[in-house]
Amino acid sequence: MTYNGSQIDIPVLHLVGDEADKLNLECYVIGGWVRDQILQRHSKDIDIVAVGSGIVLAEAVAKRLGKGTHLSVFKTYGTAQVKNRDIELEFVGARRESYRHDSRNPIVEDGTLEEDQNRRDFTVNALAVCLNKNRYGEMLDPFGGIEDISHKIIRTPLDPDITFSDDPLRMMRAIRFATQLDFRICSETFNAICRNKERINIITKERIADELNKIMLSSRPSIGWRLLDECGLLLLIFPELAALKGVETKDGRGHKDVFYHTLQVLDNVATLQPDGESGLWLRWAALLHDIGKPRSKAWDPQAGWTFRNHNYIGAKMVPRIFKKMKLPLNEKMDYVAKLVDLHMRPINLIEDTVTDSAVRRLLFEAGDDIDDLMLLCDADITSRNAQKVERFHRNYELVRRKMVELEERDRIRNFQPPVKGDEIMQLLHLEPCSTVGELKNAIKEAILDGVIKNDYNEALAYLYKLAKERSLV
């Protein structure tokens, strides 16, 4: 990888440089945006460092850009953001930082560009390019960041033990960048993560979750989870996942390593559904689909190792995991728990006779998430036996065809019983009571079992039949 100056030859940066010249400020574009231009990766956030007041420069740039431009100033942090439909610029004054041992929040003072580059987390993020007219495009690379980009290496500019002790979140960021960029963490830096892993305990769960989500949205998220395991961070931040590791053998019979199987399923999902944010929670479902196996693991002399009801146990674990890790406790969590709970159902279907009743129930319980569930089940096929894989895919296709056929005919997905509870009370002259719920549920079960169609008149006739049997009419 090389830098030739053309990567930053864009009008808005010339405009920033012009305004900096008017204010007699040194001005640089710095950090991840420069790295991504060299790597030819898309990047929307452009960080600008001024040797002086970044806020003053931001105000001048916002005024120059004119109508439709929004300026946000954060005086406490000495930063400002300039944003319009086309660009997003972050401004800050050059600064130096020092740290207390019990906090990752630095003591910040005005500094030089050199001091600002010294405080950067990794050499590939410390690249600075001058925007002033007389030096426009001049690269300042004091730590060999371009060479590290060329060799695909993550390395800290200064002593990694100090870097990670000062701000332990940088350990997570090193692993995240290695995952996103498909770079290697150099041994000196990785060994420092191993030594300083316990420092992660001063970082808030929210910041850790943010880094984990970025790892999850990478094209091969397993890279990050393997690195987290290898350096010892995984046991500290996600012990339930670490518990999946290992193979126990008894009487010569073992089982697959659930941790590495899980990572393969996760990568399979990332390949099958590469869309970013929309696929994040499906990826979490993939990561957690077997999370209940350690708690359900048992030895059966005939069957060998079993993990009965691991899907149900795993679904019950999801809310606790989400709460502890500060992941959202809303419909996203419910979605993950539902997929974890249901992920064995299609497998059971293809191992048994694919009955209309079983498929209807799966459609009803999965609702609009049925396609994601089937994608997860496809991803869950990690056997090295090619014939077995082909058989599973073929049987899943049979289930899918049956789903389409039944959905077109019976409209089962997200259905509600055609006769509502209020109507049952009115027709049978009942007060609110458990009998109303039992009758409504019986109608639903009859539809799912195929006894009657998902049709109002058939449901009404079935209601009167049930009522007569119970001497309600």
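Helix α22 (residues 421-428) and helix α23 (residues 434-448) pack with their axes 10 Å apart, at an angle of about 115°. Axes here are lines fitted to C-alpha atoms, for helices over the stretch in contact, and angles between N-to-C directions run from 0 to 180 degrees. That angle makes α22 roughly perpendicular to α23 (65 to 115 degrees; under 35 counts as roughly parallel, over 145 as roughly antiparallel and the rest as oblique). The crossing of α22 past α23 is right-handed, a term for a near helix turned clockwise from the far one by less than a right angle, with anticlockwise giving left-handed. Gly421, Ile424, Met425 and Leu428 of α22 make the contact with Val436, Leu439 and Lys440 of α23, contact meaning heavy atoms within 4.5 Å. The residues of this contact divide into five nonpolar, one polar and one charged. In this division Ala, Val, Leu, Ile, Met, Phe, Trp, Tyr, Cys and Pro count as nonpolar, Asp, Glu, Lys and Arg as charged, and the others, Gly among them, as polar.

The model is predicted: local features need pLDDT of at least 70 and side-chain atom pairs count only at pLDDT 80 or more, whereas totals for chains, interfaces and linings use all residues. Residues are numbered from 1 along each chain as its sequence is written, and side-chain values use heavy atoms, with hydrogens and water left out. Helices (H or I, at least four residues) and strands (E, at least two) are DSSP runs numbered from the N terminus.

Two further helix pairs were examined. The axes of α1 (residues 11-22) and α3 (residues 54-65) come within 9 Å and cross at roughly 125°, which makes α1 oblique to α3. This crossing is also right-handed. On the α1 side the contact involves Leu15, Val16, Asp18, Glu19, Ala20 and Lys22, which meet Leu57, Ala60, Val61, Arg64 and Leu65 in α3. By class, seven of these residues are nonpolar, none polar and four charged. For α8 (residues 187-196) and α10 (residues 222-231), the axes come within 9 Å and cross at roughly 60°; the two helices are therefore oblique to each other. Phe190, Ile193 and Cys194 of α8 touch Leu227, Glu230 and Cys231 of α10, giving five nonpolar, no polar and one charged residues.

Thr69 lies in the loop between α3 and β3 (70-74). Its C-alpha is 4.6 Å from that of Asn84, at a sequence separation of 15 residues. Leaving aside residues up to four places away in sequence, Thr69 touches Ala62, Val82, Lys83 and Asn84.

Grid points are joined across faces, edges and corners, and a volume is the space filled by probe spheres set on the points. The count is one cavity of 30 Å³ or more. The largest cavity holds about 60 Å³ and is lined by Lys205, Ile208, Leu212, Ile237, Lys324 and Met325. Helix α9 (residues 205-216) gives the largest share of this lining, three residues.

The second largest pocket has a volume of about 730 Å³. Its lining comprises 26 residues, of which Lys256, His261, Lys293, Asp380 and Lys388 lie nearest the centre. By class, the lining has nine nonpolar, nine polar and eight charged residues.

Key: 1 Å grid on protein atoms, 1.4 Å probe; cavity = no way out; pocket = protein on both sides within 12 Å on 5 of 7 lines; lining within 4 Å.
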